[in-house]
Amino acid sequence: TISVYIFDERDFLPRPSTCRPDSNKWSAVNIGPHACRVLLESVQDLRTSIQNHLGSDLIVRKGSTVPLLLDLIATTEANELYWNEDPGIYEQELSREVFHAVS
């Protein structure tokens, strides 16, 4: 078993603001600086927990989730993939992309 966390670059890129959808300004991101700090601390805690309880490590990558996962699957010759599905609309979209890519 390998554990992977991917910082998807789309979470850090500007997107249209929900407050001003008619504006051409891209003024919102899914993960801002404060949430990023909390996320980094959480991923570090997850890595420590996996090391202490499972005796393995957490693979951390940054980039586009689907190509990174496909590369890891090929590299490790994995035959099964499990992931946590978050309730947000963007997270559900990403889950569908992963599902279709590995199906």
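Author: Before the pocket itself, a definition: on a 1 Å grid over the protein atoms alone, a pocket is an open set of points with protein on both sides within 12 Å along at least five of seven lines, and lining residues have an atom within 4 Å of a point. Grid points are joined across faces, edges and corners, and a volume is the space filled by probe spheres set on the points. This is a predicted model, in which local features need pLDDT of at least 70 and side-chain atom pairs count only at pLDDT 80 or more, while totals for chains, interfaces and linings use all residues. Residues are numbered from 1 along each chain as its sequence is written, and side-chain values use heavy atoms, with hydrogens and water left out.

Reader: How much space lies in the largest pocket, and which residues are the closest to its centre?

Author: The largest pocket holds about 1,200 Å³. It is lined by 38 residues, of which Ile6, Thr65, Trp83, Asn84 and Leu94 are the closest to the centre.

Reader: Which helix gives the most to that lining?

Author: Helices (H or I, at least four residues) and strands (E, at least two) are DSSP runs, numbered from the N terminus. Helix H3 gives the most, seven residues, and strand E1 (3-8), H1, helix H2 (65-76) and H3 (89-102) each supply at least two.

Reader: Which residues make up the largest nonpolar core?

Author: In soluble globular proteins, nonpolar side chains tend to be buried together. A nonpolar core is a set of buried Ala, Val, Leu, Ile, Met, Phe, Trp, Tyr and Cys residues joined through side-chain atoms within 4.5 Å, where buried means under 20% relative accessible area, exposed over 50% and partly exposed in between, with a 1.4 Å probe and protein chains only. Here the largest one consists of six residues, Phe7, Ile31, Leu39, Val43, Ile50 and Leu58, and helix H1 (residues 33-54) contributes the largest share, three residues.

Reader: How is the aromatic pair of Tyr5 and Phe7 arranged?

Author: Rings of Phe, Tyr and Trp (its six-membered ring) pair if their centres lie within 6.5 Å, and planes under 30 degrees apart count as stacked, over 60 as edge-to-face and the rest as tilted. The structure holds one such pair, in which Tyr5 and Phe7 lie edge-to-face, 5.0 Å centre to centre with 65 degrees between the planes. Phe7 is buried, at 11% relative accessible area, whereas Tyr5 is partly exposed, at 25%.

Notes
On a 1 Å grid over the protein atoms alone, a cavity is a set of points where a 1.4 Å probe fits but cannot get out, and a pocket is an open set with protein on both sides within 12 Å along at least five of seven lines; lining residues have an atom within 4 Å of a point.
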